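These are my notebook entries on a structure that I looked up. Each entry records what I examined and what I found.

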Amino acid sequence: MSQLQLALLIAGLILIVGVIALNRWQLWQANKKAGAASNNEPDSLLSQNRSTTIRGERTEPRISTVSGESSTITSGSADSGFDDDVEEVVSVSFDDPLIGQALLEACAGFERAGAKPVKIAATHAISHKLEQIRPDEFYSGLHMAVLLANRSGALNAIEYSEFIQGVLRVAEKLQVSIETPDMKYVLLRAKALDEQLAKLDMQMAIHIVTNGAVWSVEMVTRAAVEAGFAIRPNGWFVYFRSGAEIFQMYAVDTEGRQIAALPGIKNQVEALSIIFDVPRAPEIEMPFQTLIAVARNLATRLGASVVDDHRNPVTDAAIIQVQDQLKPLYSKLRGMEVQAGSTRALRLFA
C-alpha cells in the first residue's frame with residue numbers, strides 16, 4: 001500500500017469518526033432539551049404542584065365564589081417589560097442598526113396570537129436598553145413575546161403557530177433570519193403555567209336586592225355614585241381605591257337580565273351584582289372588607305338587602321369564613337410572585 005493510499009485511508013477513518021461523534025453530540029443536545037422541557041422548574045411561579053382545577057367553575061364558601069430580571073422596557077412602557085417567566089420571547093439581532101420606522105411598519109398589526117397578547121420592543125443601538133420602538137431612533141435588535149397563559153387558558157398549538165407566523169412575517173419584511181423556539185417545549189411551559197394560575201383564579205359575587213319596590217336606572221346611578229362608584233361607558237359601575245380598580249357592579253332588571261345603567265334605559269332594576277376579582281384587586285387595599293362596607297352602604301341607600309347567589313343574607317359568620325379562605329390564596333399569590341393587583345396579575349388574569 002502506497003503512502004498516498006494509506007493517507008487517504010486514515011483521512012477517511014477520521015471523517016467517519018467525526019461524523020459519528022457529531023451525531024452523538026446532536027442526540028445528546030436534543031435529549032438534554034427534551035429533558036428540560038419535561039422536568040423544567042424554572043422559577044417560583046411554576047415550581048409548586050397543581051391540583052386539577054377548572055377556571056371559571058363555581059365553588060361556594062358562603063358567599064358566591066367563582067373559581068380564574070427580565071429585560072425592562074423603558075420610554076413610557078405600560079408595564080414592567082418582558083417577563084421570561086410568563087412569556088415566550090423571540091429575539092433577533094441586526095448586523096447593522098435599523099431605524100425604528102422600519103420596525104414599526106414591519107410589526108404593524110402584530111398585536112395578538114389568538115387570545116394571547118403579543119408584546120414587541122427593541123434594543124436601542126446606542127444605549128443598548130430595551131424600549132418601546134420610536135420611529136426616529138436606531139435599534140440593534142428586535143424582541144417579540146407572546147403571553148403563555150391567561151383566562152382563556154394555556155397558549156395552544158394554533159395560537160403558537162399564529163405567533164410564529166407573525167414573527168416570520170416580520171423577519172421577512174426586515175430581510176433577517178430568525179430562530180424560533182420548539183413548539184413542544186413552549187406548550188409544556190404554557191400548560192404548566194396555566195395549571196398554576198387556575199387554582200389562584202377566584203372571583204366573588206354578592207348581590208343587592210330590592211325588598212319590594214323596583215328602582216329606576218337614574219335612582220340606582222345616583223345611589224351608586226353617592227356610595228363611591230364611577231360609571232363606565234358600557235353602563236357598568238366600578239369602584240376605585242387609590243387609583244386601583246377594586247370591584248365592578250352591574251344592574252339586573254326584573255327579567256333577570258344584565259342591563260347597562262345609562263341615560264335613556266327604561267328598564268326597572270331589581271338587583272345589583274358586585275363582582276370582586278380577587279387576583280386583580282390590590283390586596284393592600286383590603287378589597288373584601290371594602291366590598292362588604294360599600295355593599296351595605298348602598299343597600300341602606302336603596303332600602304335593600306345584601307345576599308349571596310342563593311338569596312341568603314350575607315352574615316358576619318359568612319364574611320369571616322370568606323376572609324379565612326382568602327388569606328391562604330393571597331399567600332400563594334405572593335409566594336408565586338403574582339401579587340394581587342400587580343402588573344403581572346393583571347396580565348395573567350385577563
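**Entry 1: the second largest pocket**

I began with the lining of the second largest pocket, whose residues divide into eight nonpolar, three polar and four charged. Here Ala, Val, Leu, Ile, Met, Phe, Trp, Tyr, Cys and Pro count as nonpolar, Asp, Glu, Lys and Arg as charged, and the others, Gly among them, as polar. I note that the model is predicted: local features need pLDDT of at least 70 and side-chain atom pairs pLDDT 80 or more, while totals for chains, interfaces and linings use all residues. Residues are numbered from 1 along each chain as its sequence is written, and side-chain values use heavy atoms, with hydrogens and water left out.

I then recorded the space in the second largest pocket, about 230 Å³. Of its 15 lining residues, Glu 245, Ile 246, Gln 248, Asp 277 and Arg 280 are the closest to its centre. The elements that give two or more residues to this lining are β13 (244–253) and β15 (269–277). The largest share, five residues, comes from β13.

For the terms, I wrote down that a pocket is an open set of points on a 1 Å grid over the protein atoms alone, where a 1.4 Å probe fits, with protein on both sides within 12 Å along at least five of seven lines; lining residues have an atom within 4 Å of a point. The volume is the space filled by probe spheres set on the points, which are joined across faces, edges and corners. Strands (E, at least two residues) and helices (H or I, at least four) are DSSP runs numbered from the N terminus.

I looked up Ser 273, which is found in strand β15. Is Ser 273 buried or exposed? Ser 273 counts as buried because its relative accessibility is 4%; buried means under 20% relative accessible area, exposed over 50% and partly exposed in between, with a 1.4 Å probe and protein chains only. Its side chain makes a polar contact with the side chain of His 207 at 2.7 Å. A polar contact is a pair of N or O atoms within 3.5 Å; within protein, one must be able to donate a hydrogen and the other to accept it, and residues adjacent in sequence count only if both atoms are side-chain atoms.

Asp 253 counts as buried, since its relative accessibility is 2%. The side chain of Asp 253 makes a polar contact with that of Asn 267 (3.2 Å). I also found that Asp 253 and Ala 271 are 18 residues apart in sequence and 6.9 Å apart in space, C-alpha to C-alpha.

**Entry 2: helix α4**

I followed helix α4 over residues 183–198, which reaches 22 Å from its first C-alpha to its last. The expected span is 1.5 Å times one less than the number of residues. Among the buried residues of α4 are Val 186, Leu 193 and Leu 197. At the start of α4, a side-chain oxygen of Asp 182 reaches to within 3.2 Å of the backbone nitrogen of Lys 184.

**Entry 3: positive phi**

Most residues other than glycine have a negative phi. I noted that phi of Gln 175 is near 60 degrees, a positive value. Gln 175 lies in the loop between α3 and α4 and is exposed, with a relative accessible area of 73%. Glu 337 also has a positive phi, of about 60 degrees. I placed Glu 337 in the loop between α7 (316–335) and α8, where it counts as partly exposed at 46% relative accessibility.
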